[in-house]
Amino acid sequence: MESPPNSSPFYSSILKKVHLSPFLLILLPFIVLVVILYREEFRSSIFVQLDFRVSSQQHNSSSRIKKSKQKLPFAIGEIEEGCDIFSGKWVWDEKKPLYEESECPYITAQLTCQANGRPDKDYQHWRWQPHSCSLPSFNATLLLETLRGKRMLFVGDSLNRGQHHSLICLVNGLIPENAKSMETVGNFDVFTIKDYNATIEFYWAPFLLESNADDAVKHRIYKRVVRNGSIDVHGKYWKGADIIVFNTYLWWRSGYRFNISEGSFDDVKNIVEVSTEDAYRMAMKSMLRWIKENMDPKKTRVFFTSMSPSHEKSTEWGGEPNKNCFNETKMIDDPNYWGSDSRKSIMQVIGEEFGKSNVPISFLNITQLSNYRRDAHTSIYKKQWNPLTPEQLANPFSYADCFHWCLPGLPDTWNELLFAKLLYP
């Protein structure tokens with residue numbers, strides 16, 4: 001047991017050297033106690049700093065930024081420490097959706113499932129609930145203020161275009177009709193919010209690198225070829241963006257080999273075949289290099305959305321052969337469901353390349369939470385670009401789209417996660 005403060009050597013030495021008034025004698029035990037407590041607090045702060053040094057070596061760059069309390073651009077708060085917002089479950093929510101399909105004229109006919117005859121709406125009423133915390137509620141007013149005077153850009157394929165349209169629909173209701181516009185120019189879809197001097201843009205670049213599928217309209221190419229080291233062909237149009245959201249995956253799904261060109265897309269001698277994983281790694285390296293050379297981490301934010309899963313084979317979730325997402329109105333309830341093994345190799349490439357890089361980039365891991373949502377695809381309820389044959393009409397499974405997602409729907413959740421990582425990293 002420790003001696004009481006008034007019998008300690010420290011207290012005695014002070015009495016011998018200093019003549020104290022009775023008032024100070026009364027206060028002195030309290031003062032000494034404060035000194036002792038402060039000493040313990042100081043000692044604890046040292047341990048905290050040491051713990052920070054150790055833990056910082058075990059986490060990626062984004063974790064180090066958060067622990068050192070450096071405020072990221074656009075951030076106004078923090079999500080609870082230790083909370084993984086991408087690990088959770090789907091819960092029914094009568095307050096969903098946050099907008100109606102009929103209220104948002106910017107959704108393409110490829111994603112307007114209700115207008116194209118889908119009879120059910122349950123897929124619109126699910127909310128993502130992380131296991132150990134809650135997502136900040138999406139606040140359209142706050143997002144618009146964040147974008148004031150800014151340029152927000154989505155870059156990638158049609159799935160990223162769907163997320164772009166979703167975000168526009170989430171803020172659309174707050175913007176007067178005469179204060180907004182949508183314009184398509186080349187590879188750009190640009191939504192302008194005049195009162196905020198802001199834009200929410202989408203740029204079509206399905207591989208990020210230059211490819212023979214870069215025409216925003218006529219890109220139905222059977223033999224897809226990308227050019228190595230060519231990201232600057234598109235990247236010159238991305239410069240100046242304050243927030244960029246990249247994605248690329250769907251168009252890499254061409255089997256085990258991929259066509260890479262070192263010259264002309266038509267020069268067979270310059271085209272080599274590599275594995276999809278090696279080709280995808282090439283794209284990730286190019287993207288990370290471009291970000292490092294062109295984005296200022298003190299002023300800008302960069303996000304990468306992981307692969308959006310498909311539900312083409314019912315056998316993957318215990319269903320019947322030769323069936324898919326068509327007529328699926330309930331989600332997959334197995335929390336361990338992953339889907340096709342081919343996705344794992346791509347996720348591994350992303351993990352390896354991001355892990356080696358010190359480029360500040362926020363990862364939106366939408367893959368696992370989207371895996372459960374076999375119910376949310378456009379299926380047959382979309383605009384058909386070509387007339388359906390009698391054989392197709394007799395077998396809806398043959399033409400169901402199990403890649404894209406209805407709006408309102410799953411991409412709205414992706415944007416709620418994006419909102420959380422942008423403002424509450």
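Begin at the hairpin of β4 and β5, where 2 residues lie between the strands and G186 adopts a positive phi near 60 degrees. Helices (H or I, at least four residues) and strands (E, at least two) are DSSP runs, numbered from the N terminus. The model is a predicted one, in which local features need pLDDT of at least 70 and side-chain atom pairs count only at pLDDT 80 or more, while totals for chains, interfaces and linings use all residues. Residues are numbered from 1 along each chain as its sequence is written, and side-chain values use heavy atoms, with hydrogens and water left out.

Next, select residues 180–185 and 188–193. These are β4 and β5, antiparallel strands joined by 6 bridges; two strands pair if DSSP finds at least two bridges between them. Within this pair, T184 stands opposite D189 of β5.

On a 1 Å grid over the protein atoms alone, a pocket is an open set of points with protein on both sides within 12 Å along at least five of seven lines, whereas a cavity is a set where a 1.4 Å probe fits but cannot get out; lining residues have an atom within 4 Å of a point. Grid points are joined across faces, edges and corners, and a volume is the space filled by probe spheres set on the points.

Which residues lie nearest the centre of the largest cavity? Select K96, Q124, W126, G409 and D412, which belong to a lining of 13 residues. This cavity holds about 100 Å³ of space, and the whole structure has 3 cavities of 30 Å³ or more. The element that gives the most to its lining is α11, with 4 residues.

Now select α11 itself, residues 410–423. From first C-alpha to last, this helix of 14 residues reaches 21 Å, close to the 20 Å expected at 1.5 Å a residue; the expected span is 1.5 Å times one less than the number of residues. In α11, 13 of the 14 residues are buried, meaning under 20% relative accessible area with a 1.4 Å probe, protein chains only.

Finally, display the whole chain, which comprises 11 helices and 14 strands. Of its 425 residues, 50% count as buried.
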